[in-house]
Amino acid sequence: MTITAPPTGLSIAQAAERSGLTTHTLRYYERDGLMLREVPRSSSGHRLYDEADLRWVTMLTRLRATGMPIREVKAYAQLCQAGDGNETARLELLQAHRARVLAQLAEVTEHLGAIDNKIGIYEARLSDGATRGS
């Protein structure tokens, strides 16, 4: 997912629309210190999101969508905000999350297999019934 912003930036409503989030969520990300930087404001006080802000919002969305707890998202954001020198900690955090996501994916895949099996049973029964009825 690539979200683009014009050079002049996007308002919070435009950023919300392009990211698929609500303005409330974007404000929450700012208020809770999850953004990489303080989002700049226009002379009238309106937020102006740029490309980097939107890329970061996309990353936050992906972390949350894969089940990363907000406390870990915040820890990751704080590491990124601190700048270079803590890449090992960032890597460990992301690798631990990846392992959890892979475990969840394996579990869901197993459940899907059971559902597919049941579907096959019912399709076979219905097919046999249709054949017998001819």
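Reader: Where does Ala96 sit among the elements of this chain?

Author: Happy to start there. This is a predicted model, where local features need pLDDT of at least 70, side-chain atom pairs count only at pLDDT 80 or more, and totals for chains, interfaces and linings use all residues. Residues are numbered from 1 along each chain as its sequence is written, and side-chain values use heavy atoms, with hydrogens and water left out. Helices are DSSP runs of H or I with at least four residues, strands are E runs of at least two, and both are numbered from the N terminus. On that count, Ala96 is found in helix 5.

Reader: Why is Ala96 called partly exposed?

Author: Buried means under 20% relative accessible area and exposed over 50%, with partly exposed in between (1.4 Å probe, protein chains only). Ala96 counts as partly exposed because its relative accessible area is 35%.

Reader: And how far is Ala96 from Glu107, going by C-alpha atoms?

Author: Along the chain, Ala96 and Glu107 are 11 residues apart.

Reader: Let's turn to Arg90: which side chain of opposite charge is nearest?

Author: Arg90 also has its place in helix 5, which spans residues 87-133. Lys and Arg count as positive and Asp and Glu as negative, while His and the chain ends are not counted. Arg90 is buried but has no salt bridge, meaning a side-chain nitrogen of Lys or Arg within 4 Å of a carboxyl oxygen of Asp or Glu. The nearest side chain of opposite charge, 4.5 Å away, is Glu87.

Reader: Which residues does Arg90 contact, leaving aside neighbours within four places in sequence?

Author: Contact here means heavy atoms within 4.5 Å. With those neighbours set aside, the partners of Arg90 are Tyr76, Leu79, Cys80, Gly83 and Asp84.

Reader: Is Gln78 buried or exposed, or in between?

Author: Gln78 belongs to helix 4, residues 70-82. With a relative accessible area of 43%, Gln78 is partly exposed.
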